[in-house]
Structure formats: C-alpha cells, structure tokens
Amino acid sequence: MGPLFTQGIISTEVNHILAFFIGIGFGFLLEAAGFTNTRKLAGVFYGYDMTVLKVFFTAALTAAAGLLILHTLGAIDLHMTYYPKTYWLPTLVGGLLMALGFLTGGFCPGTSFCAATTGKIDAMVFVGGIFLGIFGYAFTYEPIFEKFRNSYGLGRVNVADWIGIPQGLFILLMVIIAIVSFLVADKVQKKINAKQSKEDLHDLGLDE
Amino acid sequence: MKKTDYIILSLFLLLGVIAAFMPNAKPHNVILDSHTFLYKLSSEHFYTTDDVAKAIINKDPSLLLIDVRSPEEYKKYTLPGAINIPVDSLLLDKYRNYVDQDVYNVVLFSNGTELAEKAWVMCTGLGYDHLYVMRGGLNRWFTTIFMPPKPKDEAHQSAFELYNFRKAAARYFGIGGTIEQPQSSAPAVQPQVNIPKTSGAPEGGGCE
C-alpha cells in the first residue's frame, strides 16, 4: 500500500495537508513533553536530564522496527522509500556542529520553532540563526562546501548488512542496548541530581 | 522507576523481538520489481538532441553526458563535456557513482538509440535514478544539429525557430559560421563526480 505519495495514491496537495497535520501533532507533543525547555535539552550533556536520549533513541528504533514489520506485512514498500547515501566524514562533522549548537543554544531545529511559538525570545534568535545558516550555506555551497559534502561516500549503507547479521536481529540488539542505556542513564541522572541538590543546600547554608 | 516505565520498556522490547523475526528488507539495492520496472519503462526518459544542445550551450550544471560507446569511438568524436563509460563497464564499481547518484541528470548516448537504451535498462533495473537517453544518438545529433533540414516555406513559425536554433547551435559547436567553442574529441571540462577510493560495502552485501 504505502508509501502513499510516491505511488501517486495521494496528490501533492493531500500530501502537504497530511504533512501539515503531522507537523502540528509533532509540535504539540514536543511542547507537551517539555522539549521547548532549553534546560531539558541541554540536560543530556550535563547528565541531569536524560529525556532527550530516551525519546530520540526510542523514536528511531520504533520507526526502524515498525518499518520492517510493516514491510513484511505488505503495508509499505521499503524499495520505494527514500534511502540516503552515507558520506561518513561530512556527516560526522555535521553531527559535531549540531551537538555544539544543541549544547550552546539549548534547542534543536524542531524544538526551536516550537519554543519560538511559545514566545521564547532566545528561541526566536535561534530560528534567526538557522535561517542565516541556511542561506549562508546555500550561497557558499559551490565554492566552499560542495567538494567536502560529496566526499567520503560509502554508497547506501545498511549497518546490519555491513556487519553481516539479519536486520531484525540488529534492531533487537539495538533495542536491548537502548534499554540498558536508559537504565544506566537513570542511575547517572539520579546520582548527579542528588549531588546537585546537596550542593544547592550547601550554597544556601542549609547543610544537613 | 515507576510501574508504567517497566510496562513501556517491556512493550519496546517486545517490538524489538517481533522485528527480530522479520526477514531482511533491502531498500534500493536489489533489482526493481516488475511492476515498478514496467512503470519506469513506460515513462518518458528521453532527451532530444535539441534538449541536449540547449543544455550544453546553457552550461546546465545538472547535466552529465555519458558516452556508452567504445573508447575508440569516443576518441574519434563525442559531445562536449561527455565522459566515456563503455556499456560493458557501466556496472563496474569505479563507475558506479556516475550512474547511481542523485545530483545530475545523466544522459546516456551512443551512435543510435539502442545501445544507450540498453545501458538505461540495465541501470534503471538496478534502481538507479535520474537517467535519460538521447533519442536517436549521435546519428540524429549530426542530422538535426549539424545538418538541420530547412523547413518548407509554408511550415509553422516554430519550425523556423527550431531551424534557426539548430543553425546557431551548429555554429556554437564549430560547424560553419563563427566558432565559439572548438569541436574537440576530448571534453574540455568534465563534470566532477565524487568516487570513493574504496567501497565501504562488501560484495553482494546490502550496501550496493
């Protein structure tokens, strides 16, 4: 059956309308989960709040498992979905830059828009920065970035096939790794928060 | 951790276990299924010689011309900017990034239509996209661009406009009139397509 748009089952207009409502749902849930709070987002780097790690890890793996199951059931044809190629070094550099922006700004692109709509001025500045970055990159792409962006290509890499195990088994292994990391993250979070609260009490002159 | 956390983690694990029993899905790295292939075959995938001439003259940055004839024929004459990948070498690893890419519109050409069409069928069957064939090949290139038939006096104005364009194009390519660009056997500037030094994908694996 799916993907709907690629096969012409739905028109471009319907596709846009669906995207609009999915976007609203995404924004609503980001706000509801507290992701428009910069402290929550930056917390993952300091260890006092691991929600971001849990949410994105779970989301990625649920999507991976869901797609594989739906493909097997014939509900979606994975051959017709977009499968980007891997350029490992540009991706690594991009990831580092993204983390730096995440850490210093306290937003990722999606949450910055949500936060801007809630009236946070820092988020509006962040969104301004995003547009500056987009235009800056677009206008300097050919002379500066094009060569690097297309370097270190590996083709379409599927990690499971690359290490030679079935894709489903790979997803299960990742789920187990995720669950273990969640439990460890919880422990780390509790430890750091306990230490922090002691320091806070000390700062206030309220030592136990 | 709360009780609900354990329930959610268990459901997450269950999803992973179900995924583990699913067979592999290999997006884009297998021969297209017959339905998709027939759809592609029936779709328009031709450039006319006029389209190609216009793109060359306009220095269209998205155009990549591939001459699929033998190196001997390529040396004798080819289109400006074209690179030579003989049809029997098209699927070699070192040329893969020229045909399996999403940056350029790749136009394959040979003396007629047949050989280029064969190359197109091979590559399209492997799921490669953005591939086109110059209809009529170099034979039609000579008869339309270099020796355009003069339209009859009563022909429509568009026929005369096309004729004038072809005459101008012939001059551009160095036939008659002023010579703006020398007719050379080797292309002056070849499009740069990144080719990885080594393939990160194992032979026959899922990494194409």
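**View 1. Helices α7 and α8 of chain B meet through a handful of residues.** In this predicted model, B:Thr144, B:Ile145 and B:Phe146 of α7(B) come into contact with B:Arg166, B:Ala169 and B:Ala170 of α8(B). Sorted by class, the residues of this contact are four nonpolar, one polar and one charged. Helix α7 covers residues 137–146 of chain B and helix α8 covers residues 157–172, and their axes come within 8 Å and cross at roughly 110°. The two helices α7(B) and α8(B) are therefore roughly perpendicular to each other.

**View 2. Five strands of chain B build an open sheet.** Reading across the sheet, the order is β1-β5-β4-β2-β3, and the pairing is parallel. At the edges sit β1 and β3 (83–84) of chain B, each of which pairs on one side only. For readers new to sheets, a quick reminder: strands of a sheet pair through backbone hydrogen bonds, either parallel or antiparallel.

**View 3. Strand β5 of chain B pairs with β1(B) and with β4(B).** Strand β1 (residues 46–47) and strand β5 (residues 131–134) of chain B are linked by two bridges in the parallel sense. Here you can find B:Tyr47 opposite B:Met134 of β5(B). Strand β4 (residues 105–109) of chain B also pairs with β5(B) in the parallel sense, this time over three bridges. Look for B:Leu108, which stands opposite B:Val133 in β5(B).

**View 4. Strand β2 of chain B runs parallel to β4(B).** Strand β2 takes in residues 63–67 of chain B, and five bridges join β2(B) to β4(B). A handy landmark is B:Asp67, which stands opposite B:Phe109 in β4(B). Helix α6(B) packs on the sheet, where α6(B) touches β4 and β5 of chain B. The direction of α6(B) makes about 170° with that of β5(B).

**View 5. A right-handed β-α-β unit in chain B.** To trace this unit, follow β4(B), then helix α6 (residues 114–125) of chain B, then β5(B).

**View 6. Helices α5 and α6 of chain A pack against each other.** Helix α6 spans residues 121–149 of chain A; the axes of α5(A) and α6(A) are 8 Å apart, at an angle of about 135°. That angle makes α5(A) oblique to α6(A). The crossing of α5(A) past α6(A) is left-handed. On the α5(A) side, the contact is made by A:Pro109, A:Ser112, A:Phe113, A:Ala115 and A:Ala116. On the α6(A) side, the partners are A:Ala123, A:Met124, A:Phe126, A:Val127 and A:Ile130. By class, this contact has nine nonpolar, one polar and no charged residues.

**View 7. Helix α1 of chain A crosses helix α5 of chain A.** Helix α1 runs over residues 12–32 and helix α5 over residues 109–117 of chain A; their axes come within 10 Å and cross at roughly 80°. This makes α1(A) roughly perpendicular to α5(A). From α1(A), A:Gly27, A:Leu30 and A:Glu31 take part in the contact, while α5(A) contributes A:Gly110, A:Thr111 and A:Cys114. The residues of this contact divide into two nonpolar, three polar and one charged.

Key:
Residues numbered from 1 in each chain as written. Chains lettered and ligands numbered in written order. Predicted model: local features only at pLDDT ≥ 70, side-chain atom pairs only at ≥ 80, totals over all residues. Axes fitted to C-alpha atoms, helices over the stretch in contact; angles between N-to-C directions. Helix = DSSP H or I, 4+ residues; strand = E, 2+ residues; numbered from the N terminus. Parallel < 35°, antiparallel > 145°, perpendicular 65-115°, else oblique. Contact = placed C-beta atoms within 7 Å. Nonpolar A, V, L, I, M, F, W, Y, C, P; charged D, E, K, R; others polar. Left-handed = near helix turned anticlockwise from the far one by under 90°. Pairing = 2+ DSSP bridges. Right-handed = clockwise from strand over helix to strand, strands pointing away.
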